[in-house]
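Me: I'm new to this one. Can you walk me through it, a bit at a time?

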Amino acid sequence: MHFFYNPHKLNFKKGRGHLIDKVILPIAMISPLMTIPQVLQVWVDGKVEGVSVTTWSAYALGTLFWTLYGLAHKEKPIFFANFFLFILDIAIVLGVLSHKL
C-alpha cells in the first residue's frame, strides 16, 4: 500500500530524458486510430446494430474531461489522445443516432 502513497518511491524525474517521455506523444496520437474502424462501420457501412449510444456517449464524456485535464495541466499526450478520441466518440454517437432516427 505504501507504493501508492509515496510518488518518490518510483524515482521518476519529470523531463524529456526518459524513453517513455520520448514515445508517449506519438503513441497518444496513434492510439485513437484504433477507433476508426468503428466510425467507418457506423458511417460508411451503416451497421449500427449492437452499437450502444449510451456507452459511446459515456466514452465521449470521459474523454472530454480528460481533454480538459490535459489542457489545464499542459500535458500534450493526455490532451491530444483524448481530444481525438472525443471527436471519434461523438462521430459514432451522431452516426448511430442518424441511422436510428
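**A walk through the model**

Reply: Let's start in a loop. Lys74 sits in the loop between H4 and H5. This is a predicted model.

Me: What is the phi of Lys74?
Reply: Its phi is positive, about 55°, although Lys74 is not a glycine. Most residues other than glycine have a negative phi.

Me: Is Lys74 buried or exposed?
Reply: Lys74 is exposed, because its relative accessibility is 74% and the cut-off for exposed is over 50%.

Me: Step back for me. How many helices and strands are there in the protein?
Reply: Five helices and zero strands. Along the sequence the pattern reads α-α-α-α-α.

Me: What share of the residues is buried?
Reply: Buried residues are 21% of the 101 residues. The protein exposes about 7,600 Å². Carbon and sulfur atoms supply 70% of that area.

Me: And the contacts? What share comes from residues 24 or more positions apart?
Reply: They account for 70%, counting the contacts with a separation of 6 or more.

Me: Where is confidence lowest, and where is it highest?
Reply: It is lowest in helix H1, residues 2-5, with a mean pLDDT of 56. It is highest in H4, at 98. The protein averages 89, and 84% of the residues score at least 70.

Me: On to the inside. Which residues make up the largest nonpolar core?
Reply: Nine residues do: Val39, Val42, Val48, Val51, Trp56, Leu88, Ile92, Val93 and Val96.

Me: Pick Val96. What does Val96 touch, beyond residues up to four places away in sequence?
Reply: Val96 touches Val42, Val48, Val51 and Val53.

Me: What about Asp89? Where is it found?
Reply: Asp89 is in helix H5.

Me: Is Asp89 buried or exposed?
Reply: Asp89 counts as buried because its relative accessibility is 3%, and buried means under 20%.

Me: Which residues is Asp89 in contact with, leaving aside neighbours within four places?
Reply: Thr35, Trp56, Tyr59, Ala60 and Thr63. Trp56 is also one of the nonpolar core residues.

Me: Follow-up on Thr63. What joins the side chains of Asp89 and Thr63?
Reply: A polar contact of 3.4 Å. The side chain of Asp89 also has a polar atom 3.5 Å from the backbone nitrogen of Ala60.

Me: And Ala58? How many residues apart are Asp89 and Ala58 in sequence?
Reply: They are 31 residues apart in sequence. In space, their C-alpha atoms are 9.0 Å apart.

Me: Let's switch to Thr67. Where does Thr67 lie?
Reply: Thr67 lies in helix H4. With a relative accessibility of 7%, Thr67 counts as buried.

Me: Which residues is Thr67 in contact with, past its neighbours within four places?
Reply: Phe79, Asn82 and Phe83. A polar atom of the Thr67 side chain lies 3.2 Å from the backbone nitrogen of Phe83.

Me: Phe83 again, then. What is its relative accessible area?
Reply: It is 34%, so Phe83 counts as partly exposed.

Me: Now the rings. How many aromatic pairs does the count come to?
Reply: Six. One of them is Phe79 with Phe83.

Me: Why is that pair stacked?
Reply: The ring planes of Phe79 and Phe83 lie at 15°, and planes under 30 degrees apart count as stacked. The ring centres are 5.7 Å apart.

Me: How many residues apart are Phe79 and Phe83?
Reply: Four, about one turn of the helix, and both lie in H5.

Me: Which residues do ring pairs link into a cluster?
Reply: Phe79, Phe80, Phe83 and Phe84.

Me: Last one: Thr55. Which helix is Thr55 found in?
Reply: Helix H4, residues 53-72. Thr55 is partly exposed, with a relative accessible area of 34%.

Me: How far apart are the C-alpha atoms of Thr55 and Val93?
Reply: They are separated by 9.1 Å, while the two residues are 38 residues apart along the chain. Val93 is one of the nonpolar core residues too.

Conventions. Residues are numbered from 1 along each chain as its sequence is written. This is a predicted model: local features need pLDDT of at least 70, side-chain atom pairs count only at pLDDT 80 or more; totals for chains, interfaces and linings use all residues. Side-chain values use heavy atoms; hydrogens and water are left out. Helices (H or I, at least four residues) and strands (E, at least two) are DSSP runs, numbered from the N terminus. Buried means under 20% relative accessible area, exposed over 50%, partly exposed in between (1.4 Å probe, protein chains only). Contact means heavy atoms within 4.5 Å. Accessible areas come from the Shrake-Rupley method with a 1.4 Å probe; for residues, only the protein chains shown count as cover. A nonpolar core is a set of buried Ala, Val, Leu, Ile, Met, Phe, Trp, Tyr and Cys residues joined through side-chain atoms within 4.5 Å. A polar contact is a pair of N or O atoms within 3.5 Å; within protein, one must be able to donate a hydrogen and the other to accept it, and residues adjacent in sequence count only if both atoms are side-chain atoms. Rings of Phe, Tyr and Trp (its six-membered ring) pair if their centres lie within 6.5 Å; planes under 30 degrees apart count as stacked, over 60 as edge-to-face and the rest as tilted. pLDDT is the predictor's confidence in each residue, from 0 to 100.
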